[in-house]
Amino acid sequence: MTEEILQCEICKKYTLEKFCECSGKCLSPKPAKFSPEDKYGYYRLSYKKKSQNL
Ligand SMILES: [Zn+2]
């Protein structure tokens, strides 16, 4: 089981819970890390889709 450290949007407290005790939403502290991966995933997906249509 993966224990991902999350950070509260509001009080910036680190937690493993998805929702903080201050009722704030907890997100991954480094969301920028996922942007390039999503981009490559998108291109790979569209490429795969294209080759399936042929
Ligand atoms: Zn909080």
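Analyst: Strands S1 and S3 run antiparallel and are joined by 2 bridges, where strands are DSSP runs (E, at least two residues; helices are H or I runs of at least four), numbered from the N terminus, and where two strands pair if DSSP finds at least two bridges between them. The model is predicted, with local features needing pLDDT of at least 70 and side-chain atom pairs counting only at pLDDT 80 or more, while totals for chains, interfaces and linings use all residues. Residues are numbered from 1 along each chain as its sequence is written, and side-chain values use heavy atoms, with hydrogens and water left out.

Gln 7 stands opposite Leu 27 in S3. The open sheet has 3 strands in the order S2-S1-S3, with antiparallel pairing. S2 and S3 stand at its edges with a single partner strand each, so one side of each has no neighbour in the sheet.

Next comes the zinc ion, whose protein donors are the SG atoms of Cys 8, Cys 11, Cys 20 and Cys 22, lying 2.3 Å from it. Donors are N, O and S atoms within 2.8 Å of the metal (3.2 Å for Na, K and Ca), and since water is not among the atoms, sites may look incomplete. The angles among the 4 donor atoms are 103 to 125°, and the site is tetrahedral, a term used for four donors if all angles lie between 85 and 135 degrees. Along the chain, the donors follow the spacing C-x2-C-x8-C-x1-C. Cys 11 lies in the loop between S1 and S2 and Cys 22 in the loop between S2 and S3, so this pair ties together parts that are 11 residues apart in sequence.

Cys 8 is buried, with a relative accessible area of 1%, whereas Cys 11 is partly exposed at 39% and Cys 22 is partly exposed at 32%; buried means under 20% relative accessible area, exposed over 50%, and partly exposed in between (1.4 Å probe, protein chains only). A search of the whole structure finds 0 disulfides, a disulfide being a pair of cysteine sulfur atoms within 2.5 Å.

Two loop residues complete the account. Lys 12, in the loop between strand S1 (6–8) and strand S2 (14–15), has a phi near 65°, a positive value in a residue other than glycine. Ser 23, in the loop between S2 and strand S3 (26–27), has a positive phi near 70°, and Ser 23 counts as exposed at 65% relative accessibility.

Methods. Four donors count as tetrahedral if all angles lie between 85 and 135 degrees; four count as square planar and six as octahedral if opposite donors are over 155 degrees apart and all others between 65 and 115; anything else is irregular.
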